[in-house]
Amino acid sequence: MPEFNPCLMMKTNRILALTGALLAASLAQAALPVKVEQALKTANLPADAISVALVSLDSEQKPLYHLADQIRSPASTMKLVTTWAGLHLLGPSWQWQTDLLADAKPVNGVLKGNLYLQGKGDPKITLERMWLWIRELKAAGVSDIQGDLVLDDSYFKRSTAITEYDDDGDTERAFMVEPHALISNFRTQKIMIDSTGERVVITAEPPLSQVRLSNQLAIASEGSCASWARRVQQRPGQSGSEYVLQYAGEMPAGCKVERYVPVLNPRTYTAALFWWMWYQNGGKGSGKAVAGVTPVDAIKLVSTRSPDLVTTIRDINKYSNNLMARQLYLTLGAELGQSNPTTDDAAATVIQAALRKAGFNWPELVLENGSGLSRKEQISARHLAELLVKTWQSPYAAEYISSLPLTGLDGTMKKRLADTATTGVAHLKTGALRDVRSLAGYVKDRQGKNWVLVAIVNHPEAAKALSALDELVRGITMK
């Protein structure tokens, strides 16, 4: 993962401050609550590493702003901007639709021409949905596909110059899967490792023929199942025409574990998944797949529709799903910003325009992919708090707020603030990169009053700031 560059961020802050508009606010540094200062001191973190905006929603209490105009890397709290835009621009009932089309209708079960799979960026075509979709295709009268499966990913127009976020050079991790118009099942296989017998057994679901498992694992003479990940090396890679997942090392005895692993590329994965399920359902066909574009006169055979957008943003915010956030981000560009040369540029333009229309003026805002999995994205704590205050008053407030993790109960906050006083009293989105920790959302105090809290830590040792962030929440609940 690239190192956070504080010098570059500080330089940007100085340039923005010289415009004059934010100079006075940028210098304001309200005192932090005592327990928060103590937590920072214990973690050897300076007070200027954190920006805080704390705003009352239903009382006249004065807001607390601590370095709230400093430009910060927000990590996954940037998802709050993307999901706000999706909810307000596409609407809570929005659904992605993915179609299967053909050159001609089937005759006696035979489809002689091509079958077109027209991807529209649906972030959650799961195994279950693919299975039902294929059953519907058979019910539509198709039993033998004699032409090619044509994979149409033209909905997203991506720039070839885009460099995907790199986490220590390891891009093959589930949270790093890149967006694509044809993504299915998050492009992952569930790898199951079983060492309860005389030898280690590895299986994959779905069992795609394009992926070969290389099992070089031995059973260790000692060790607990909790340590398995440190003792097993996973080496994905291409070997000729095969994609190989190699597992080497020692597996503790008596264990059954699993992990989700990205494999292949989006086109190859989706084609492999389709043909595997097609044959599993008794279908016949060529098994061929090619890239292409759907003809304008193609005949629609069957479609699959995603859950509504409210359900999608819940997955994005509760579990900080990067891929789904990026799919939504690009969908905003594809649906509403067709005049831009790339879907990425269009998405940024669409969201910036929506923010301006809502009355926001955020000159420091930089959007790259809408997920926060970025070293370029930036925002201030004050402006993110402005968005949360505005959303509290919007018609979709309930849908938006309920998409955020509940302290001590679910999502990325399930194991945080789980004591009696704080469990369930706050809806908070978390954010984490190597040098970033952040928290943003809504907190209820013991008087029943509601607060917006945004706190962003940018520092090489930001991981040590969790206790300080949690103390901010506890302080509000005790008001």
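The model is predicted, so local features need pLDDT of at least 70 and side-chain atom pairs count only at pLDDT 80 or more, while totals for chains, interfaces and linings use all residues. Residues are numbered from 1 along each chain as its sequence is written, and side-chain values use heavy atoms, with hydrogens and water left out.

I start with the helix pair. Helix α8 covers residues 309-319 and helix α9 covers residues 322-336; helices here are DSSP runs of H or I with at least four residues, strands are runs of E with at least two, and both are numbered from the N terminus. The two helices pack at an angle of about 135°, and their axes are 8 Å apart. Axes are lines fitted to C-alpha atoms over the stretch in contact, and the angle, between N-to-C directions, runs from 0 to 180 degrees. The pair is therefore oblique, the class left after under 35 degrees (roughly parallel), over 145 (roughly antiparallel) and 65 to 115 (roughly perpendicular).

Which residues meet? From α8 they are L309, T312, I313, D315 and I316, and from α9 M324, A325 and L328, where contact means heavy atoms within 4.5 Å. By type, this contact divides into 6 nonpolar residues, 1 polar and 1 charged.

The loop between α8 and α9 holds S320. Phi of S320 is near 50°, a positive value in a residue other than glycine. S320 counts as buried because its relative accessibility is 17%; the limits are under 20% for buried, over 50% for exposed and partly exposed in between, with a 1.4 Å probe and protein chains only.

Next, the cores: sets of buried Ala, Val, Leu, Ile, Met, Phe, Trp, Tyr and Cys residues joined through side-chain atoms within 4.5 Å. The largest has 50 residues, and L355, L387 and V454 have the most contacts inside it. Helix α9 supplies the largest share of this core, 7 residues. Beyond its neighbours within four places in sequence, L387 touches L80, V81, W84, L355, F360, W362 and Y400. Another core of 46 residues lies apart, including L115, L208, Y247 and M251.

Finally, the peptide bond from E205 to P206 is cis, with omega near 0°; P206 lies in the loop between β10 (201-205) and β11 (211-219).

Notes
Ala, Val, Leu, Ile, Met, Phe, Trp, Tyr, Cys and Pro count as nonpolar, Asp, Glu, Lys and Arg as charged, and the others, Gly among them, as polar.
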